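I opened a new page for this one. These are my notes, written down as I looked things up.

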Amino acid sequence: MARWAVKANKGAASVQTVLLLTAAAASPRRAKVYDYTIGSGATPGDNAFVHIVQRCSTAGTGATLTPNALDPADTLASTIVCKDTITVDPTLTANAFLGRKALNQRATFRWVAAPYGEILIPATASNGIILGLSAATTTDFDAEAHYEEL
């Protein structure tokens with residue numbers, strides 16, 4: 001089971017998604033996110049934001065990222081589709097929040113899963129999760145996630 005790291009940044013001001021992780025449309029596989037970080041690299045301001053992890057059922061539109069293998073001996077490519085600079089949010093599953101944290105813009109948030117508490121991405125084409133914001137904003141955000149393919 002290979003483990004991967006991916007970093008992303010927010011694209012358009014009109015979207016919620018910072019990082020999108022979905023199962024591939026062809027040969028989808030499951031994955032589990034066990035660590036993620038989200039924060040703002042913009043000039044500090046006293047602004048409140050709600051960071052979310054939410055399920056989605058479409059792939060959205062954005063730039064495809066190439067995740068990095070945490071073990072250089074893993075030679076197969078990741079089958080999880082990772083995107084950033086999103087221009088069209090994916091279809092978010094109503095009320096399927098897996099995480100929701102209210103934070104100040106000056107705060108960076110890191111989440112690490114308790115054993116067996118990882119966030120699972122199903123082996124269903126174009127289904128997955130977003131790391132993002134509860135509402136669109138013009139502020140810059142960055143995210144990083146570590147995941148393991150099953």
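My entries below go from the strands to the cysteines, the salt bridges and the surface.

**Ground rules**

I'm working with a predicted model, where local features need pLDDT of at least 70, side-chain atom pairs count only at pLDDT 80 or more, and totals for chains, interfaces and linings use all residues. I number residues from 1 along each chain as its sequence is written, and side-chain values use heavy atoms, with hydrogens and water left out.

**The six-strand sheet**

I started with strands, taken as DSSP runs of E with at least two residues and numbered from the N terminus. Two of them pair if DSSP finds at least two bridges between them. I found an open sheet of six strands, with antiparallel pairing, in the order β5-β7-β2-β11-β4-β8. Which strands stand at the edges? They are β5 (61-65) and β8 (92-104); each has a single partner strand, so one side of each has no neighbour in the sheet. On average, neighbouring strands here are turned by 25° against each other, direction ignored; the axes behind that angle are lines fitted to C-alpha atoms, and angles run from 0 to 180 degrees between N-to-C directions.

Strand β2 (residues 17-23) and strand β11 (residues 128-133) share five bridges in the antiparallel sense. I noted that L20 has I130 as its bridge partner in β11.

I then looked at β3 (31-39). Is it mostly covered or mostly open? Nine of its nine residues are buried, meaning under 20% relative accessible area; exposed is over 50%, and partly exposed lies in between (1.4 Å probe, protein chains only).

I listed its antiparallel partners:
- β12 pairs with β3 over eight bridges, and G39 stands opposite D142 there.
- β9 pairs with β3 over four bridges, and I38 faces F109 there.
- β10 is joined to β3 by three bridges, with K32 opposite L120.

**Cysteines**

How many disulfides are there? I get zero, taking a disulfide as a pair of cysteine sulfur atoms within 2.5 Å. The sulfur of C56 is 12 Å from its closest cysteine sulfur, in C82, which is too far for a bond. Both sites turned out to be covered: C56 is buried at 2% relative accessible area, and C82 is buried at 0%.

I also looked at what lies around C56 in space. A94 is 38 residues away in sequence, but the two C-alpha atoms are 8.7 Å apart. A94 is in strand β8 and counts as exposed at 66% relative accessibility.

**Salt bridges**

My search of the whole structure gave five salt bridges, each a side-chain nitrogen of Lys or Arg within 4 Å of a carboxyl oxygen of Asp or Glu.

E149 bridges to R29, with the closest N and O atoms 3.4 Å apart. This pair links E149 in strand β12 with R29 in the loop between β2 and β3, 120 residues apart. E149 is buried at 3%, whereas R29 is partly exposed at 34%.

D35 meets R110 at 2.5 Å, N to O. D35 sits in strand β3 and R110 in strand β9, 75 residues apart. Here D35 is buried at 8% and R110 is exposed at 54%.

D46 bridges to R106 at 3.1 Å between the closest N and O atoms. D46 lies in the loop between β3 and β4 (48-56), and R106 in the loop between β8 and β9, so the pair ties together parts 60 residues apart in sequence. Both D46 and R106 are exposed. Last, salt bridges that share partners join R3, K32 and E148 into one network.

**Loops**

S27 has a positive phi near 55°, though it is not a glycine. S27 is in the loop between β2 and β3 and is exposed at 59%. S126 likewise has a positive phi of about 65° without being a glycine; its place is the loop between β10 and β11.

Y116 is exposed at 81% relative accessible area. Its C-alpha atom is 9.7 Å from that of K32, 84 residues apart along the chain.
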